[in-house]
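Hello,

Here is the structure I promised to pass on to you. Please have a look at it first; my notes follow below.

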Amino acid sequence: MTRVAVNGVTGQMGGAVVEAATDSEVVVGFATSETDAVDGVPIVDPADAAEALREYDVDVVVDFAVPEGALTVAEACVEAGVPMVVGTTGFDDDGLARLRNASDEIPLLKATNFSQGIQVLQRLVSEAVATLDDYDLELMETHHNRKVDAPSGTANSILDVIQEERDVEPVYGREGHAPRDDDEIGVFARRAGDIRGEHELVLAGNDEVLSLSHRAEDRGVFAAGALDAATWLVGRDAGWYEFGDVVDA
Ligand SMILES: NC(=O)C1=CN([C@@H]2O[C@H](COP(=O)(O)OP(=O)(O)OC[C@H]3O[C@@H](n4cnc5c(N)ncnc54)[C@H](OP(=O)(O)O)[C@@H]3O)[C@@H](O)[C@H]2O)C=CC1
Ligand SMILES: O=C(O)C1=N[C@H](C(=O)O)C[C@H](O)C1
């Protein structure tokens with residue numbers, strides 16, 4: 001069985017990963033709060049992660065935490081020579097560069113969304129934007145009221161896919177006198193209740209509206225995808241990998 005360490009083990013996604021790990025074994029977790037164990041998984045401070053990765057003979061780390069915590073553990077993975085799956089979102093450019101540096105030394109797979117449906121949505125978005133190349137584009141995402149980063153990592157990834165096809169400028173949450181330019185894309189983030197994650201791209205023009213959307217109904221979908229990615233990553237060469245590499249394999 002693959003021996004997994006979970007970064008952010010006390011969080012919503014950390015708990016979902018522990019629950020979903022039936023074909024792999026979660027042997028240790030990292031979190032800053034002073035808790036000894038979650039569901040029988042011992043918890044270690046991220047500052048001591050490198051030592052714990054060796055002590056618990058970890059094959060791969062699965063991370064759903066906060067950017068600073070993910071970076072601390074990525075550096076521990078480099079020190080201990082352990083592959084890492086990064087699910088945390090909200091990195092700034094410096095954080096992303098530090099992850100890229102880590103991937104020079106270890107296999108590192110980063111995804112803003114571990115659902116297979118979002119993989120397909122991204123392909124559909126690419127085709128729709130390339131084909132309906134003069135339609136207005138508007139991107140919406142909705143998440144639970146505890147989410148701290150906005151727009152979501154997934155919305156930013158969808159925006160990247162769109163910008164590969166068309167030179168559109170994002171306008172975040174319009175207000176006031178804000179007439180629309182042809183080459184802008186409105187981007188909107190809503191936060192409410194316990195909504196697991198919804199994303200929608202609307203393309204409108206030529207007296208018609210096309211809506212491409214995805215809704216996650218349970219965090220288990222992300223946890224299962226991340227664990228699949230973790231198993232796939234063990235034994236790979238150092239480098240930067242994405243969830244599409246796993247799904248297409
Ligand atoms: N890629 C994907 O498919 C998905 C990505 N996500 C992303 O995963 C991340 C976590 O989401 P979620 O579980 O809902 O958030 P939570 O707030 O529920 O959990 C965050 C976790 O991070 C821990 N943490 C805080 N600071 C540190 C640190 N310095 N080092 C290590 N751990 C730390 C917290 O525990 P403590 O305070 O005890 O340290 C907690 O366990 C977010 O960035 C979210 O966007 C979420 C779902 C799917
Ligand atoms: O914080 C969440 O919950 C989620 N975060 C990811 C994101 O920022 O895109 C993925 C998913 O939408 C759930």
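**Helices, sheet and ligand**

The axes of helix α1 (residues 12–20) and helix α7 (residues 220–233) come within 8 Å of each other and cross at roughly 65°. Axes here are lines fitted to C-alpha atoms, for helices over the stretch in contact, with angles running from 0 to 180 degrees between N-to-C directions. Helices (H or I, at least four residues) and strands (E, at least two) are DSSP runs numbered from the N terminus.

Before going on, a word on conventions: this is a predicted model, in which local features need pLDDT of at least 70 and side-chain atom pairs count only at pLDDT 80 or more, while totals for chains, interfaces and linings use all residues. Residues are numbered from 1 along each chain as its sequence is written, and chains are lettered from A and ligands numbered from 1 in the order in which they are written.

Back to the helix pair: M13, A16, V17, E19 and A20 in α1 meet G220, F222, A223, A224, A226 and L227 in α7 (contact means C-beta atoms, placed from the backbone, within 7 Å). The residues of this contact divide into 9 nonpolar, 1 polar and 1 charged; Ala, Val, Leu, Ile, Met, Phe, Trp, Tyr, Cys and Pro count as nonpolar, Asp, Glu, Lys and Arg as charged, and the others, Gly among them, as polar.

Helix α7 also lies across β1 (2–7), β2, β5 (60–63), β6 (84–86), β7 (107–110) and β13, and runs at about 155° to β5. The open sheet has 8 strands in the order β3-β4-β2-β1-β5-β6-β7-β13, with mixed pairing (two strands pair if DSSP finds at least two bridges between them). At its edges are β3 (37–38) and β13 (239–241), each pairing on one side only. Strands β2 (residues 24–30) and β4 (residues 41–44) run parallel and are joined by 2 bridges; F30 has V44 in β4 as its bridge partner.

The domain assignment, which is automatic or from a database, gives domain 1 (2–114 + 219–247) and domain 2 (116–215). Their C-alpha centres lie 28 Å apart, and the contact takes 9 residues from domain 1 and 11 residues from domain 2.

And where is ligand 2? Both domains give residues to its shell, so ligand 2 lies between them. Around it are T89, T112, N113, H143, K147, S152, G153, T154 and G197 (near means a C-beta atom, placed from the backbone, within 6 Å). That shell has no nonpolar, 8 polar and 1 charged residues.

Best wishes

Notes. Two residues are in contact if their C-beta atoms, placed from the backbone, lie within 7 Å.
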